[in-house]
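Biologist: I am new to this protein and would like to go through it with you, one point after another. Could we have the sequence and the model before us?

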Amino acid sequence: MKSIGISLGDDYTDISLYQEEYTYRFPTLLCREKRGTEFSIGEEAYKKNLTGGVVLVDKLLSLFKKKGSATIEGQCYEAEELLSIFLRFLLKEGEKRIAEKDLPEEEGKDTLVLTLREGEPELFKRLKELLKKLFGEEYSVQCISHTEAFAHYLLRQDKTLYNRLVGMFEFSNQVLHYYEMQVSKGAKKYAISAGEAQPEAISFDIMEKPQGKRMADQILSGLSDKITRGKVYSAFFLSGKGFESTDFAPGFMKKLLKGRRVCVESFLFAIGALEYAKLLGRGEEEEYLLLCETRVAYDVSVRVSQKEREFPYYLAKAGDAWLEKEEEILLLPDQQDYIDFTVQPFVGSKGRQLRMLLEGFPKREERCTKLSLKSRFVDASTILISVEDRGLGDLHPASGMVIEERISLGKTNY
């Protein structure tokens, strides 16, 4: 079984292959020769750019997000093609580095999981389609957010590291994020993971000078005071390229180390993606049900009956990955012109009963109208319900009429 975890970012991309110790970092850029067609990525592209004779393209993720393009020596490349070239070379370079390693054999499905900071539905969908196009014949592919990768990483660690609240700072170039994860202590086994961007930006450039390092230390110290005040942590993690070394921030580290364990893992997200790839490859899921911005926090069901027995049919259950959760069921209404839904939060408040009225559909005899009910998520807290009139055979032709309604599940306090 081959397992790959990739953490894709604008400035750099980490790849973790098969085992945690085989994790490597590449700047997210590529170059092409001016008088040829050969591409290079990462540090190699930087080196070639210094000697001239190549055209350098960076910020590949941002270019892909805005569906942009870049022109190299008169030839226009779409962002999708450039990112595809980068990802192919990334996997090739990673495999090359572990070619002589003694890797253990494990039964399962070859799986590649990519993680990135944002949980934007359209971006995730486009990236997953790209991964399938590139690697779908060799790997089963999946996309997750950094908050989810953080949870997968932590749940592979010793339980004493997450028996209470766990915090983490991610420091990338001009990006500072704070993450938290809390594991339940009751009968329900679940883990809540959340992330939030911090307004303070610290550029790697300013840290090249002593004054800039002092400024970064002050910013991080202030954030630490504000965020950790009144909270009890079992551990705190530091991740990202900015924390490859912590020597620049002695004041921050002194505050953070006071009364708690601090762990530094610069490649945390790629390793978390790798651990999830291993789980999926073995056909397993986490011991704890995950709740984060890419997972559903509610059970959503429609009341149906079969052979005179009523039961809830679940359109989604808490812990499902909502980005790819879609359902379609066929219904035959019996003496009713409505559909009842139940929205039940996994933790917290009581459930709600919601009713969708089937107004405007053709009037027919009872049990003579077949309905197609489709559901898909717009975001983590909104599900789109579409109901179409299918009629009933030749006797009652379908009108094709469709009613759509959005159900707001409620606010998720992550």
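Modeller: A residue counts as buried under 20% relative accessible area and as exposed over 50%, with partly exposed in between. Please keep in mind that this is a predicted model.

Biologist: How are the rings of F39 and Y77 arranged, stacked or edge-to-face?

Modeller: The structure holds 15 aromatic pairs. For F39 and Y77, the ring centres are 5.7 Å apart and the planes stand at 90 degrees; because planes over 60 degrees apart fall in that class, the pair is edge-to-face.

Biologist: How many residues apart in sequence are the parts that this pair, F39 and Y77, ties together?

Modeller: Both F39 and Y77 are buried. F39 lies in strand β5 (residues 39–41) and Y77 in strand β8 (residues 75–78), so the parts that the pair ties together are apart in sequence by 38 residues.

Biologist: And for Y162 and Y288, how many residues apart in sequence are the parts that are tied together?

Modeller: Y162 and Y288 also form an edge-to-face pair, at 6.5 Å centre to centre and with 90 degrees between the planes, and both residues are buried. Y162 is in the loop between α5 (146–154) and β11 (165–172), while Y288 is in the loop between α8 (268–281) and β16 (289–291), so the pair ties together parts whose separation in sequence is 126 residues.

Biologist: Which strand gives the most to the lining of the largest pocket?

Modeller: The largest pocket has a volume of about 660 Å³, and among the 23 residues that line it, R303, V304, S305, L331 and L332 are the closest to its centre. Strands β17 (298–306), β18 (309–316), β19 (326–331) and β20 (338–345) each supply at least two lining residues. The most, five residues, come from β17.

Biologist: How many residues of that lining are charged?

Modeller: The residues of the lining of the largest pocket include 13 that are nonpolar and three that are polar. The charged residues of this lining number seven.

Key: Residues are numbered from 1 along each chain as its sequence is written. This is a predicted model: local features need pLDDT of at least 70, side-chain atom pairs count only at pLDDT 80 or more; totals for chains, interfaces and linings use all residues. Side-chain values use heavy atoms; hydrogens and water are left out. Rings of Phe, Tyr and Trp (its six-membered ring) pair if their centres lie within 6.5 Å; planes under 30 degrees apart count as stacked, over 60 as edge-to-face and the rest as tilted. Helices (H or I, at least four residues) and strands (E, at least two) are DSSP runs, numbered from the N terminus. Buried means under 20% relative accessible area, exposed over 50%, partly exposed in between (1.4 Å probe, protein chains only). On a 1 Å grid over the protein atoms alone, a cavity is a set of points where a 1.4 Å probe fits but cannot get out, and a pocket is an open set with protein on both sides within 12 Å along at least five of seven lines; lining residues have an atom within 4 Å of a point. Grid points are joined across faces, edges and corners, and a volume is the space filled by probe spheres set on the points. Ala, Val, Leu, Ile, Met, Phe, Trp, Tyr, Cys and Pro count as nonpolar, Asp, Glu, Lys and Arg as charged, and the others, Gly among them, as polar.
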